[in-house]
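This report goes through a two-chain model, from each chain as a whole down to single residues.

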Amino acid sequence: MASDARAAAPSEEEGAAPAPDAPATNGGSTGQDHDTYRDARHARPGGAHPGAGPDAREERRRERRSRRYRRDVRWSPYAFVAPFFVFFMAFGLFPLLYTGWASLHRVELTAPTDMEWVGLRNFSRLLSDEFFWNALQNTVTIGLISTIPQLLIALGIAHLLNYRLRGSMFFRVAVLTPYATSVAAATLVFVLLFGRDYGMINWLLGQIGIGAVDWQNGTWTSQLAVSTIVIWRWTGYNALIYLAAMQAIPNDLYESAALDGASRWQQFIHVTVPSLRPTILFTCVVSTIGATQLFGEPLLFNGGAGATGGAGHQFQTLGLYLYEQGWVNLHLGRASAIAWTMFLILLIIGAVNWVIGRRLRKSA
Amino acid sequence: MRTRTRSSRRLVVLAAVAALGTGVLAGCAEDTEDPSGSASGGGVSGKGKTTITVGVFGAFGLKEAGLYDQYMKLNKDVVIKQTSIERNENYYPQLLTHLGSGSGLADVQAVEVNNIAEITATQGDKLVDLGKTEGVQKDSFLPWKWSQATTTAGKTIALGTDIGPEGICYRKDLFAAAGLPTDREAVGKLWAGDWNKYLAAGKQFKSKAPKGTAFVDSASGVMAAITGSNANRFYDKDGKVIYKTNPAVRQAWDTAAEFAGSGLTAKLQQFTPGWDQGFANGTFATVSCPAWMLGYIQDKGGEAGKGKWDVAAAPKPSNWGGSFLAVPEASKNKEAAAKLVAWLTAPEQQATLFAERGSFPSSQAAYALPAVSGAKHEYFDNAPIGEIFSAAAKGVPVQIVGPKDLIIAQNLADIGMLQVDQKGTSSKDGWNAAVKAIDNALDQ
């Protein structure tokens with residue numbers, strides 16, 4: 001689109017030369033004006049030949065110009081996307097590579113430039129590092145018990161929002177507000193809700209005769225609590241993505257399904273969900289990445305007592321363990337190795353998703 | 001008419017959306033306070049004034065005590081700006097990063113005592129020698145405080161602000177209900193000289209305790225206090241890690257574990273929301289309180305606790321916490337900053353800080369000043385805190401500090417003892433869990 005406009009530019013410019021005369025002869029009629037304009041343009045190449053000299057020069061000039069525009073057409077898209085890539089290099093690629101380099105060294109935050117080569121030791125020690133395996137396991141469980149309900153609820157909410165509702169705009173914005181809330185503020189509130197002695201949730205449980213639960217100290221209870229924060233924050237975001245995809249489903253599909261006697265539920269299962277398949281896959285990928293990098297919620301759920309993830313590391317995720325190694329224990333090399341391992345895990349998850357996506361598309 | 005209602009309804013919706021939006025923005029704005037951004041400035045600003053930036057953690061107290069204002073009044077050409085990061089765990093890595101890169105530093109940076117050994121050992125060349133600053137008198141400081149921030153080459157890279165001599169803060173109303181004495185002299189005598197007497201008092205309290213109250217807030221608080229009453233803690237004087245075999249640490253651990261095992265604790269973790277609520281609701285009767293904690297208790301205990309709290313001497317003199325101020329070599333106003341630090345840590349200003357904020361002076365010359373010796377704390381039933389904490393400070397042994405003090409202390413408390421206290425893990429398993437975490441943390 002943009003390149004077309006660019007390509008057309010030179011001839012228009014050249015054609016503009018005779019245009020000032022045109023209004024005088026044609027009395028300013030726009031239609032005729034346009035014709036003159038076009039005539040002049042067509043006339044140009046084979047037009048009057050006042051002499052070979054200027055013509056050749058003109059030819060060369062035009063040649064140069066068209067070359068410049070061809071180059072422009074070819075390279076300007078790159079210039080347009082360059083800012084992103086410049087920033088990506090500076091804040092994405094460079095840190096990634098440098099982290100990889102640091103992961104092969106012993107580096108301490110007290111002297112970040114003082115690096116000692118240790119080869120793959122930072123990676124191999126992870127194999128026998130029970131804190132790493134514990135963190136990985138916690139990340140997976142928290143990921144599962146937050147992502148699955150989250151996406152199911154989001155699908156349900158999107159379905160409801162897709163009906164004609166009064167004030168649908170309000171509900172759509174309201175659903176998104178948790179996502180826009182600062183994770184720190186939200187988590188602090190949840191810490192109070194899940195408090196052992198004075199938490200509102202334990203109070204409610206007390207009302208129905210269930211004794212106080214020490215949410216933070218149980219493995220399952222703490223992971224459930226952290227997942228609740230994640231679900232609360234991200235469900236609306238996913239619901240809006242589903243809603244956008246639902247609105248793109250052609251209405252005739254539903255009409256014909258209705259004609260075939262499909263109930264609302266059957267329509268949802270047989271029309272909506274299959275049409276959303278690519279979107280669902282997308283949200284799965286994004287949520288998985290988010291779950292793997294989970295950090296803020298478990299950090300703050302500890303009530304400000306550091307990156308340990310509880311007395312028994314029971315809700316320490318990979319992100320938290322990375323942080324603890326790098327910024328509490330000050331071992332940048334070890335932290336870098338964890339970061340790269342997380343990156344590799346994500347690549348594997350991405351590959352698995354891609355394979356599943358391809359299977360699904362084939363089977364559909 | 002129909003369009004009228006429609007548009008007004010739309011207006012309502014828009015207003016609601018706008019209201020939600022601003023609420024959300026306000027929520028986001030809360031944590032946008034950039035701790036480092038403005039600190040990198042400095043230099044000479046408009047009207048020829050020198051701007052000195054000070055980077056601190058928590059409610060450090062210098063600003064709150066009005067010391068900056070006072071200094072700016074005395075030096076019309078100086079403007080002081082402070083940036084604060086709430087918790088030292090977040091402040092310290094950032095300080096190290098900034099020192100490493102030589103940028104983003106404030107002209108004056110605070111250092112916590114648990115980090116001072118590491119800073120002195122590894123960052124000495126990046127900090128100004130304050131021992132040579134005009135007006136700094138070595139003799140006015142406690143000798144051990146001075147030597148903690150002095151490198152092996154004899155360079156003093158930070159000056160002490162406060163120390164943390166400990167007392168025991170206790171609730172008189174709960175003590176009375178449990179049949180214990182309430183007078184601070186008598187309470188002090190109850191456990192004088194022996195932490196085991198403190199434990200015995202706890203058992204006595206428990207036998208007649210008002211419902212829903214415990215003797216002490218947390219087992220780790222007890223452990224920190226007992227550990228702090230020993231000269232040897234986690235390192236020996238040759239810099240070797242000895243906490244595993246140090247009988248003093250072991251004794252602190254065992255006593256604290258017995259507090260937990262006997263059900264004398266409220267099973268809280270210090271400096272978490274639950275602990276704050278404990279103060280507000282009066283669920284525990286005592287807490288080992290360094291001088292700087294008095295203000296915290298006052299804030300969290302609120303009006304309801306006023307006059308109910310009091311301070312008695314701890315079983316043994318003990319120290320917990322304290323801070324330093326340093327000037328980075330990378331600062332653009334090194335001289336002006338060093339001058340400010342010298343002034344802030346001078347005896348008179350330390351006395352002001354104590355009177356206003358309860359941070360106990362590390363300047364022994366300040367102890368004779370009436371603002372310190374005669375200080376009373378209104379919230380704690382006019383307890384003579386100057387007297388109590390001065391006595392404690394005099395008895396504190398010269399502690400050996402090590403580079404990883406913070407990590408060792410934190411894992412012993414927040415992993416090991418917390419498990420024992422809150423999850424009911426056995427003392428042995430808790431200790432092993434802490435040791436495992438510390439081994440992992442110390443291994444480079």
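## Basis of the description

The model is predicted; local features are given only at pLDDT of at least 70 and side-chain atom pairs only at pLDDT 80 or more, while totals for chains, interfaces and linings use all residues. Residues are numbered from 1 along each chain as its sequence is written, and chains are lettered from A and ligands numbered from 1 in the order in which they are written.

## The two chains

Chain A has 16 helices and two strands, and chain B has 18 helices and ten strands. Helices (H or I, at least four residues) and strands (E, at least two) are DSSP runs, numbered from the N terminus. Of the 364 residues of chain A, 27% are buried; for chain B the share is 51% of 444 residues. A residue is buried if 20 or more other C-beta atoms lie within 10 Å of its own, exposed if 12 or fewer, and partly exposed in between, with C-beta atoms placed from the backbone.

Two residues are in contact if their C-beta atoms, placed from the backbone, lie within 7 Å. Among contacts in chain A between residues at least 6 apart in sequence, those joining residues at least 24 apart make up 67%. In chain B, residues 24 or more positions apart account for 74% of the contacts with a separation of 6 or more.

## Where chain A meets chain B

The contact between the chains takes 37 residues from chain A and 34 residues from chain B. On the chain A side, two or more residues each come from β1 (105-108), β2 (111-117), α7 (168-180), α8 (183-193) and α15. The largest share, six residues, belongs to α7(A). By class, this side of chain A has 18 nonpolar, 14 polar and five charged residues. Here Ala, Val, Leu, Ile, Met, Phe, Trp, Tyr, Cys and Pro count as nonpolar, Asp, Glu, Lys and Arg as charged, and the others, Gly among them, as polar.

## Helix α6 of chain A and its partners

Helix α6(A) (residues 130-161) packs against α10(A) (residues 219-247) at an angle of about 40°, with the axes 6 Å apart. Axes are lines fitted to C-alpha atoms, for helices over the stretch in contact, and angles run from 0 to 180 degrees between N-to-C directions. The angle makes α6(A) oblique to α10(A); angles under 35 degrees count as roughly parallel, over 145 as roughly antiparallel, 65 to 115 as roughly perpendicular and the rest as oblique. The residues of the contact of α6(A) with α10(A) comprise 19 nonpolar, eight polar and no charged.

The axes of α6(A) and α15(A) (residues 318-328) come within 8 Å and cross at roughly 145°. In this contact A:F131, A:F132, A:A135, A:L136 and A:T139 of α6(A) meet A:L318, A:L320 and A:Y321 of α15(A). Seven of these residues are nonpolar, one is polar and none is charged.

Eleven of the eleven residues of α15(A) are buried; among them are A:E324, A:Q325 and A:W327. The cover comes from both chains, including α6, α13 (277-292), α14 (296-301) and α16 (332-363) of chain A and α3 (88-101) and α17 (405-423) of chain B.

Just after α15(A), A:L330 takes a positive phi of about 65°. In the loop between α14 and α15 of chain A, A:H313 also has a positive phi, near 55°. A:H313 is buried, with 22 other C-beta atoms within 10 Å.

## Domains of chain B

Chain B is divided into domain 1 (40-163 + 322-373) and domain 2 (164-319 + 386-442), with bounds from an automatic or database domain assignment. The C-alpha centres of the two domains lie 28 Å apart. Contact between them involves 18 residues of domain 1 and 19 residues of domain 2. On the domain 1 side, α4(B) gives the largest share, six residues. That side divides into eight nonpolar, seven polar and three charged residues.

## Two residues of chain B

B:A219 lies in helix α9 (residues 219-227) of chain B and is buried, with 29 C-beta neighbours inside 10 Å. Leaving aside neighbours within four places in sequence, the contacts of B:A219 include B:A256, B:F259, B:M417 and B:D421.

B:F271 is in the loop between α10 (247-261) and α11 (273-281) of chain B, with a positive phi near 60°. B:F271 counts as partly exposed, with 15 C-beta neighbours inside 10 Å.
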